[in-house]
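Hi,

Here is the structure I promised to pass on. Please have a look at it first, and then read my notes below.

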Amino acid sequence: MAVIEVKNLSKRYGETLAVRDVSFAVEPGEIFGILGPNGAGKTTTVECVAGLRTPDSGRITVLGHAPRDRALRAQVGVQLQESELQEKLTVREVLELYSAFYPDPADWRKLAGDLGLTEKLRTTFGKLSGGQKQRLSIALALIGNPRIAILDELTTGLDPQARRDTWDLISGFRDRGVTLVLVTHFMEEAERLCDRIAVIDRGEVVALDTPAGLVEQTSSQDQKIRFRPSAPISDELLSAPPEVTRISRQGDRIEVSGTGNLLHAVTSVLAVNGIVAVELRLEQATLDDAFVRLTGRASEESPS
Amino acid sequence: MTVFRKLVAAEFRTALREPLYLFFTVIFPVVLIGILGAVPSFREPSDDLGGLRVIDVYAGIVIALSIGMMGLQGMPTVLATYREKGILRRLATTPVKPVALLGAQLTAALITVLVSGVLVFAFAGTVYGVPMPESPVAFVLAVVLATLGVFSIGLVIAALAPSGKAANSIGLLLFFPLMFFAGLWAPRQVMPEVLRRVSDYTPLGAGERLMHEAMTGHWPNLLSVTVLLGYLLVFGAVAAKYFRWE
């Protein structure tokens, strides 16, 4: 049975329809990603699930309760975007205070250690860096040993190392059976962590699948292999396998496009002819490509 | 209850780490008494004050000052800032009700006022021989009633102010006239009749009147008690209706 069920959720702010007829179900123990461009309605959606906003229409149940049911507060951890804490409280005081709120809290020392905050326990919140505040915020979402954790922009503001550490931590919570809902616009994060992803654009769910499924669903374009052959090879030989659809050359470099197990097909041909592929590169469609196709927009982190 | 105690403790920790805040709510009233008592004529009994000395009267007035600073400036600013920064919102996602933080803030403020009052009497009594109130119970009652009345006005400020800064400005605007009517610049006893009448209906004026009467052993008068309970009820209801958590 789904732990979170959202059916036909709509929410309007004044004239703007922020969320339009959104439906999805989150299964126990999975990491469910909500991916979309800025202003797509991701945050509004999870804030409705967290009981912080009241939907205009639609039905949400969380662990069988209405989202605003106070019984859920001990079972659902929430990390909000842009929410601060008392400036003058130290990290340790905040962690101790928040763990006192819950009937069965996690060990805050361990949590602080996992999030790299042990060195900062005596530092007041106001003196923390953006990344440290973010990590404390994640700690507070997990401190109550929740059954569900909703994390909005989990790793925004974290440096690459801290981001990877946080991903490990989140995977660890999943392994312990915690269901996680992750709002993100980082492709790598969604690809690495999420079991399933709902892509939201302009307030609507435009796709819902596993990361691999999303890529497959949207990739009309096939894979590409680029290499430099150690000895010349003709187009006829290279295009023999059925997987190969197109060959183009640039100087001594060859680009082979195709489908299926293209890499195996091409390297087999080369091997039979005693040719080695130098500087071999395989290019596959990524979640980033899928995202661009689904939303018609480049994701915010894409370098182009 | 443990949770509430921890919340109150957290409020105290935050307050203690704001030196300026602590100075104005706890130390400043004592300093003011110290300065006023240094004026020789303020230590002479005065017929205008019913035989009391100026310094005796000011013991109550500086406690009203402490209440005014906490209730009109400290507390509303803190609460509006909590809302502005999303602290109340984050709390709403935990098993603790945000109203508990409100209660903790009020409790911490009330304790601060009481501590300030004790310090004022300890200092004024030791240095200038200001007597303890003849009706201590009535005096404490006066302090509590005045605090509740002023704090409910502070809660309305916190409810309506869009930001911590705005709350601070609104609080400051109210602070000076209300302190005037409490007698900070001229005690109620020397005010013209009209001003004293107005003062009777202001929260700190009514509070000061109750404190003054308790000093000379009178029981609380009905008008002042009614006025303060009225502020509590009316402003409390407005605050409850309009307070936004985010």
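The C-alpha centres of domain 1 and domain 2 of chain A lie 44 Å apart. Domain 1 covers 4–216 and domain 2 covers 223–284 of chain A, with bounds that come from an automatic or database domain assignment.

A word on conventions before the details. Residues are numbered from 1 along each chain as its sequence is written, while chains are lettered from A and ligands numbered from 1 in the order in which they are written. This is a predicted model, in which local features need pLDDT of at least 70 and side-chain atom pairs count only at pLDDT 80 or more, whereas totals for chains, interfaces and linings use all residues.

Now to the sheet in chain A. Six strands make up an open, mixed sheet in the order E5-E6-E7-E3-E8-E9. Helices (H or I, at least four residues) and strands (E, at least two) are DSSP runs, numbered from the N terminus, and two strands pair if DSSP finds at least two bridges between them. At the edges are E5 and E9 (204–209) of chain A, each of which pairs on one side only. From one strand to the next, the twist averages 15 degrees.

Strand E5 (residues 76–79) of chain A is covered on both faces: A:Val76 and A:Val78 are buried on one side, A:Gly77 and A:Gln79 on the other. By burial I mean a count of other C-beta atoms within 10 Å of a residue's own: 20 or more is buried, 12 or fewer is exposed, and in between is partly exposed, with C-beta atoms placed from the backbone. E5(A) pairs in the parallel sense with strand E6 (residues 148–152) of chain A over four bridges, and A:Gly77 stands opposite A:Ala149 there. E6(A) in turn pairs in the parallel sense with strand E7 (residues 179–184) of chain A over five bridges, where A:Ile148 stands opposite A:Thr179.

Helix H4 (residues 130–142) of chain A lies across E5 and E6 of chain A, at about 165 degrees to E5(A). Axes here are lines fitted to C-alpha atoms, for helices over the stretch in contact, and angles run from 0 to 180 degrees between N-to-C directions.

Two residues around E6(A) may interest you for their backbone. Most residues other than glycine have a negative phi. A:Asn145, however, has a positive phi near 50 degrees. A:Asn145 sits in the loop between H4 and E6 of chain A and counts as buried because it has 20 C-beta neighbours inside 10 Å. A:Glu153 has a positive phi too, of about 55 degrees, and belongs to the loop between E6 and helix H5 (160–175) of chain A. With 20 other C-beta atoms within 10 Å, A:Glu153 is buried.

How many residues of chain B are in contact with chain A? There are 18, and they meet 19 residues of chain A; contact means that the C-beta atoms of two residues, placed from the backbone, lie within 7 Å. On the chain B side, the elements that give two or more residues are helix H1 (2–16) and helix H4 (87–92) of chain B. H1(B) has the largest share, six residues.

Lastly, B:Asp200 lies in helix H8 (residues 193–200) of chain B and is partly exposed, with 16 other C-beta atoms within 10 Å. Beyond its neighbours within four places in sequence, B:Asp200 is in contact with residues including B:Gly205, B:Arg209 and B:Leu223.

Best wishes
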